[in-house]
Amino acid sequence: MDKLSSLLQALNGSTPTSVPIWFMRQAGRSLPEYRDIKGSTPILDLLKNPEIVKTITLQPVSRHNVDAAILYSDIVLPLLVAGIDLRIEAGTGPKITEPFNTPNDTEKLNGDVVNSIPSKLDFVGEAVKLIVSEANVPLIGFAGGPFTLACYLIDGESSKTWSKTKSFMRTFPEAFSLLLNNLALLCAQFIRVQLLSGASVFQVFDSWVGVLDRCDFERFVVPSINAIRSSLSDFNQPMIYFGVNTSHLLDLMTSLEVDCIGIDWRISLTSAAESMNYNHSIQGNLDPSLLLSPFDVIKPIILQTLEEGMRIGGTNTKIGYIFNLGHGVLPETNPATITKTVELVHEFGRY
Ligand code: CP3
């Protein structure tokens, strides 16, 4: 695994020879070789087949030469395994059959249910082992953040505002905190299986926390993320935390016990690092829609982001920098543009 060091060095604050690069949602999505394998098979069925998961996880690594693989799975998989009835609809995303309305509903995810999970995730561990034995780059494990999972459980399906979730949070704050705590333990179980099987790093995708104000982020989300870290205190692998639309929350994120913060594309890396007092490694943050334009148009913007990131993390600083997008790859992205972006970052990202 000759590239292990660039991602891990950036995460422990030392300086790699060149800036590591990977893309959120790099597996599946834009790749024709993924669509060939997927055909009309529902994604939740693909995720249960370790050989297929291995193949899809490694496709972007061999095509684009990125410096990390990310497990092909989904944030709602642990909910399904915990007995929550859900499906994933093509084009929209997860749909919960019976969304949570009252504190009673949250009993479906009580401590006993959560503790029974690891034995039901053997297929995930098996996939991770297959990937790690073949990959020449580190594997990033992941889970959804507790708040983001609660959004799907309560709103029932994708939403711009997650207003049912916010209303539940305000009406039943204690039940909501308890739910987030149980979801934190569920996330930790999902991540534990991946770390035990060989994942080198893990990222918590708390995609929808940006709909919260500062007060609710501090009250509900910060304890839930620190609960994940503390229930994984027997592991040393670094943790990355990412949310969308989080410019107003970045200074509060400095109280998270994580190694790296993923920066959304709406703010410059410099402003983000200033908000966080330069005390966490950073990852990001190209606008994913940039990759839809011709490469010569976007090249100067990629180089500017790279330059900013290298000024913040790397030589003479205590923190590291990982090149990424500010949210996931859009499905309509031309894969050739992703490959060229990797080449450019490898060429100009030398310390
Ligand atoms: O996009 C994000 O904000 C990242 C976090 C996240 C994932 N899944 C991680 C993921 C979220 C919010 C989801 C929920 C989800 N699941 C959605 C988004 C719906 C919404 O509300 O916007 C969708 C479409 C799904 C279903 C899903 N998950 C599909 C169809 C696939 C296969 C490939 C693809 O993206 O089309 C996934 C895989 C998936 N979801 C991965 C991750 C980290 C693994 C692939 C990768 O990261 O490369």
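1. A residue counts as buried when its relative accessible area is under 20%. S73 has a relative accessible area of 13%, so S73 is buried. This is a predicted model. S73 sits in the loop that runs between strand 1 and helix 5 (77-81). Leaving aside residues up to four places away in sequence, S73 touches L47, F142 and F190.

2. Seven strands make it up, in the order 1-4-5-6-7-8-9, and the pairing is parallel. Its edges are strand 1 (69-70) and strand 9 (321-325), each of which pairs on one side only. Helix 13 (residues 295-312) packs on this sheet. Helix 13 touches strand 8 (281-286) and strand 9, and its direction makes about 150° with that of strand 9.

3. Now the antiparallel pair. Strand 2 (residues 86-89) pairs with strand 3 (residues 93-96) over four bridges, in the antiparallel sense. I88 has P94 in strand 3 as its bridge partner. The two strands form a hairpin, with three residues between them. G91 lies in the turn and has a positive phi of about 90°.

4. Backbone points to check. Most residues other than glycine have a negative phi, and most peptide bonds are trans. The peptide bond from G284 to N285 is cis, with omega near -5°. N285 lies in strand 8.

5. N65 has a positive phi of about 65° and is not a glycine. N65 is found in the loop between helix 4 (50-64) and strand 1. With a relative accessible area of 38%, N65 is partly exposed. Y278 is not a glycine either, and has a positive phi of about 55°. Its loop lies between helix 12 (269-275) and strand 8. Y278 is partly exposed, at a relative accessible area of 38%.

6. How many disulfides does a search of the whole structure find? The count is zero. C215 is in no disulfide, and the nearest cysteine sulfur, that of C151, is 17 Å away. C215 is exposed, with a relative accessible area of 54%.

7. A disulfide needs the two sulfur atoms within 2.5 Å. Is C260 buried or exposed? C260 counts as buried, because its relative accessibility is 0%.

8. Last, the aromatic residues. The structure holds eleven aromatic pairs. One aromatic cluster is formed by F147, F168, F172, F176 and F220.

Methods
Residues are numbered from 1 along each chain as its sequence is written. This is a predicted model: local features need pLDDT of at least 70, side-chain atom pairs count only at pLDDT 80 or more; totals for chains, interfaces and linings use all residues. Side-chain values use heavy atoms; hydrogens and water are left out. Rings of Phe, Tyr and Trp (its six-membered ring) pair if their centres lie within 6.5 Å; planes under 30 degrees apart count as stacked, over 60 as edge-to-face and the rest as tilted. Two strands pair if DSSP finds at least two bridges between them. Contact means heavy atoms within 4.5 Å. Axes are lines fitted to C-alpha atoms, for helices over the stretch in contact, and angles run from 0 to 180 degrees between N-to-C directions. Buried means under 20% relative accessible area, exposed over 50%, partly exposed in between (1.4 Å probe, protein chains only).
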